[in-house]
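Subject: Structure for your files

Dear colleague,

Here is the structure I said I would pass on. My notes on what was found in it follow below.

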Amino acid sequence: MGLISDEYVRLLGAWPSPFVLRTRIALNLKRVPYEYLEEEDSLNSESVLNYNPVHKQIPILIHGNKPIRESLNIVMYVDETWLSGPPILPSDPFDRAVARFWDVYIDEHCFTSINGVAVAKDEEERKAAIAKLEMCMALLEETFQECSKGRGFFGGDNIGFIDIGFGSMLGPLKVLEKFTGVKFIHPETTPGLFHWADRFYSHEAVKPVMPDIEKLVEFARLKFNTSIFK
Amino acid sequence: MGETEEVKLLGVWFSPYAIRPKIALRLKSVDYEYFEEDLFGSKSELLLKSNPVHKKVPVLIHNNKPILESLNIVEYIDETWNASGQSILPSHPYDRAQARFWSAFVDDKWFPALKAAAITKSDESKEKGMKEVEGGLLQLEEAFIAISKGKPFFGGEAIGFMDICLGSFVGILKAREKLKGEKLLDETKVPSLCKWADQFLSDDTVKNVVPEIDKVAEFLGELEVRAQSAVSRT
């Protein structure tokens, strides 16, 4: 009987999605060969509906014939299934709990604020969303200092769970910086994050899959028909 | 090991989220000190110090280190006291992914829909919301049948992660039935979940942890009055 980790791996995704990016980074870190399937119109895709009837969303990892859904779930699954290669989550239970907490924070607060800035109907709404996002950055700067303990990543010497969770948001953040003129990650206000971002971008597991910023900018312009993108 | 373990849990008696770590700690036979937070009053210093970001319960403090968010705490308990009692999360990565997926469904979609339907004053929103809640229960019924494979719990023979997650809401569902005659756990629609819910409530680790249904019903009534008067003031 073959190893479960030898079974065929497919990933249903969409190139602009930061959530899909997380799963690709995780698979790259573990050097898992996989087939990537671009789902341009995930809401109307038969495969997506078939493998994720509950949420009808990508990313979906299909391992053998089993679907695993939701980006952080997928990252944890990859970490737990392919044991060779660097661990993505730390081994200590407390550090793991901290890592899981921050990734939930990134999704529920950071990403929500990023979206909030993009879809804001007026200047007041946008200012509020920007302020919230700046608060998130300040908190994550503190977290980076605490978690990295002077090393290169939230995960220490190597990319870990929080690096993947937050690093996938760098693209959308850069798009917002371009349109709002606000520097969310700045060498003076968030020095730790500023240098971390460079290291993250140049990591061998990240570089080949990080979407081109100009393409993301164009994508945002087409997707969000709100005033800041005109 | 000889090390003195200091375990504190901050919660509120009513909160389904606070029930979760209590069940997990019982499953692992861990002694702890419980601190009741004032639901409507000011937050304690201990809470503000240990959860400055969200200022919410439950919080587990293990040897002065705070662990936040109910399902996070349950996973932490499972990993820390891994030699004691049975495993709370399944051992196979795919089964773990399923448990996490369905618990996220319960927390991020299903229960928020129930909460919104409960406090809305619009009949239309209420009807729509309750349909979503019922639809969610049907999906959970299917998931339960697939995951339990004929055994009494999502976790198999014994209570596991998903049982703790959904089970923490059973008290509220039964209380709503008492308060409003609303039968969400309907044997004709979700027979397996109904059986599971009764088994869950009568399990030794749950019995003295989940608050009495009558008390919950009374409190729910009070909560809804407060929430609706808050809504009408905006």
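One contact between the chains is a salt bridge that joins the side chains of A:Arg96 and B:Glu79, at 3.0 Å from N to O. Please keep in mind throughout that this is a predicted model.

**The interface**

B:Glu79 also forms a salt bridge with the side chain of A:Arg100, where the N to O distance is 3.6 Å. That pair crosses between chains, running from helix H4 of chain A, which holds A:Arg100, to helix H3 (residues 70-80) of chain B, which holds B:Glu79. The count between chain A and chain B comes to five salt bridges, and a search of the whole structure, over all chains, gives 23.

Eight residue pairs are in polar contact across the interface of chain A and chain B, with both residues at pLDDT 80 or more. On the side of chain A that touches chain B, strand E4 (66-69), helix H3 (71-81) and helix H4 (93-119) of chain A each supply at least two residues. Of these, H4(A) gives the most, with 10 residues. Sorted by class, this side of chain A has 14 nonpolar, five polar and six charged residues.

As for extent, 25 residues of chain A are in contact with 25 residues of chain B. The size of an interface is often given as the accessible area lost when the parts come together. Here the area buried between chain A and chain B is about 2,300 Å², and carbon and sulfur atoms give 61% of that area. A:Phe94, A:Arg100 and A:Phe101 supply 26% of the area that chain A buries against chain B, more than any other three residues.

In chain A, four strands form an open sheet with mixed pairing, in the order E2-E1-E3-E4. Strand E2 (35-38) and E4 of chain A are at the edges with a single partner strand each, so one side of each has no neighbour in the sheet. On average, and with direction ignored, neighbouring strands of this sheet are turned by 20 degrees against each other. E4 of chain A is thus an edge strand that also supplies at least two residues to the side touching chain B.

Strand E1 (residues 9-13) of chain A pairs with strand E3 (residues 60-63) of chain A in the antiparallel sense, over four bridges. A:Leu11 has A:Leu61 in E3(A) as its bridge partner. Helix H1 (residues 18-29) of chain A lies across E1, E2 and E3 of chain A and runs at about 155 degrees to E1(A).

**The sheet of chain B**

Chain B has an open sheet of four strands in the order E2-E1-E3-E4, again with mixed pairing. Its edge strands are strand E2 (33-36) and strand E4 (65-68) of chain B, each of which pairs on one side only. Neighbouring strands in this sheet are turned against each other by 20 degrees on average, direction ignored.

Four bridges link strand E1 (residues 7-11) of chain B to strand E3 (residues 59-62) of chain B, in the antiparallel sense. B:Lys8 stands opposite B:Ile61 in E3(B). Helix H1 (residues 16-27) of chain B packs on the sheet and touches E1, E2 and E3 of chain B, with its direction at about 155 degrees to that of E1(B).

Regards

Methods
Residues numbered from 1 in each chain as written. Chains lettered and ligands numbered in written order. Predicted model: local features only at pLDDT ≥ 70, side-chain atom pairs only at ≥ 80, totals over all residues. Heavy atoms only, no water. Contact = heavy atoms within 4.5 Å. Buried area = accessible area lost by both parts, 1.4 Å probe. Salt bridge = Lys/Arg side-chain N within 4 Å of Asp/Glu carboxyl O. Polar contact = N/O pair within 3.5 Å; in protein donor to acceptor, adjacent residues only side chain to side chain. Nonpolar A, V, L, I, M, F, W, Y, C, P; charged D, E, K, R; others polar. Pairing = 2+ DSSP bridges. Axes fitted to C-alpha atoms, helices over the stretch in contact; angles between N-to-C directions.
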